[in-house]
Amino acid sequence: MAQAFQRPRRHPSSSLFATDGKPHPLQDTLMAVTLVLGAIAFITAQFHSLHLISSWTGLIGVVAGAYGQFVSVTTRERTGLVIGMGASALGLGLGLAHGGLFGGVLG
């Protein structure tokens, strides 16, 4: 009867939001890529002359984050993906406002 009241032990590497205790390498990689691309897009969007970098990294970050949301399993992954997608979308929007994806390169 004592076993019925014991809590299941979590894997030591699982964090607060990783509730299933299993590794998710694809989802974690997509989350990290989305966060990095979002940071690059957001930072480069602050400079008018870097609109090509902010536009493309923002676009790729939004697409990677959307696919990551599609395959995500835990709340931790979804939280990181939403933050990265928000930064990517902001960088994409400002990059488009400053000159777009091809501004001045294709005509």
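## Basis of the model

The model is predicted, so local features need pLDDT of at least 70 and side-chain atom pairs count only at pLDDT 80 or more, while totals for chains, interfaces and linings use all residues. Residues are numbered from 1 along each chain as its sequence is written, and side-chain values use heavy atoms, with hydrogens and water left out.

## Overall make-up

The protein has three helices and zero strands, and along the sequence the pattern reads α-α-α. Helices (H or I, at least four residues) and strands (E, at least two) are DSSP runs, numbered from the N terminus.

Of the 107 residues in the protein, 32% are buried. Buried means under 20% relative accessible area, exposed means over 50%, and partly exposed lies in between (1.4 Å probe, protein chains only). The protein exposes about 6900 Å², and carbon and sulfur atoms supply 71% of that area; accessible areas come from the Shrake-Rupley method with a 1.4 Å probe, and for residues only the protein chains shown count as cover. Among contacts with a separation of 6 or more, 77% join residues 24 or more positions apart. Contact means heavy atoms within 4.5 Å.

## Helices α1 and α3

Two packed helices are described by the angle between their axes and the distance between the axes. Axes are lines fitted to C-alpha atoms, for helices over the stretch in contact, and angles run from 0 to 180 degrees between N-to-C directions. Helix α1 covers residues 25–44 and helix α3 covers residues 75–98; their axes come within 7 Å and cross at roughly 25°. The two helices are therefore roughly parallel to each other. Angles under 35 degrees count as roughly parallel, over 145 as roughly antiparallel, 65 to 115 as roughly perpendicular and the rest as oblique.

The crossing of α1 past α3 is left-handed, a term used if the near helix is turned anticlockwise from the far one by less than a right angle, with right-handed used if clockwise. On the α1 side the contact includes Leu30, Met31, Leu37 and Phe42, and on the α3 side the residues include Gly80, Ile83, Ala87 and Leu90. By class, this contact has 11 nonpolar, seven polar and three charged residues. Ala, Val, Leu, Ile, Met, Phe, Trp, Tyr, Cys and Pro count as nonpolar, Asp, Glu, Lys and Arg as charged, and the others, Gly among them, as polar.

## Helices α2 and α3

Helix α2 spans residues 51–71, and its axis comes within 7 Å of the α3 axis, crossing at roughly 150°. That makes α2 roughly antiparallel to α3. The crossing of α2 past α3 is left-handed. Contact residues include His51, Ser55, Leu59 and Val62 of α2, and Val82, Met85, Ala89 and Leu96 of α3. The classes in this contact are nine nonpolar, 13 polar and one charged.

## Helices α1 and α2

Helices α1 and α2 pack at an angle of about 155°, and their axes are 8 Å apart. That makes α1 roughly antiparallel to α2. Their crossing is left-handed. Among the residues in contact are Leu26, Thr34 and Ile40 of α1, with Ile53, Ala64, Tyr67 and Val71 of α2. This contact has 10 nonpolar, nine polar and no charged residues.

## Residues in the loops

Ala45 lies in the loop between α1 and α2 and is buried, with a relative accessible area of 3%. Leaving out residues up to four places away in sequence, Ala45 touches Ser54, Gly91, Leu94 and His98. The C-alpha atoms of Ala45 and Leu92 are 7.8 Å apart, although 47 residues separate them along the chain.

Val73 is in the loop between α2 and α3. At 40% relative accessibility, Val73 counts as partly exposed. Apart from residues up to four places away in sequence, Val73 touches Asp20, His24, Gln27 and Arg78. Val73 and Lys22 are 51 residues apart in sequence and 10.0 Å apart C-alpha to C-alpha.

## Residues in helix α3

Leu94 belongs to helix α3 and is partly exposed at 31% relative accessibility. Leu94 touches Ala45 and Gln46, not counting residues up to four places away in sequence. From Leu94 to Phe42 the C-alpha distance is 8.5 Å, with the two residues 52 apart in sequence.

Ala89 also lies in helix α3, and its 39% relative accessibility makes it partly exposed. The C-alpha atoms of Ala89 and Thr57 are separated by 9.5 Å, and the two residues are 32 apart along the chain.
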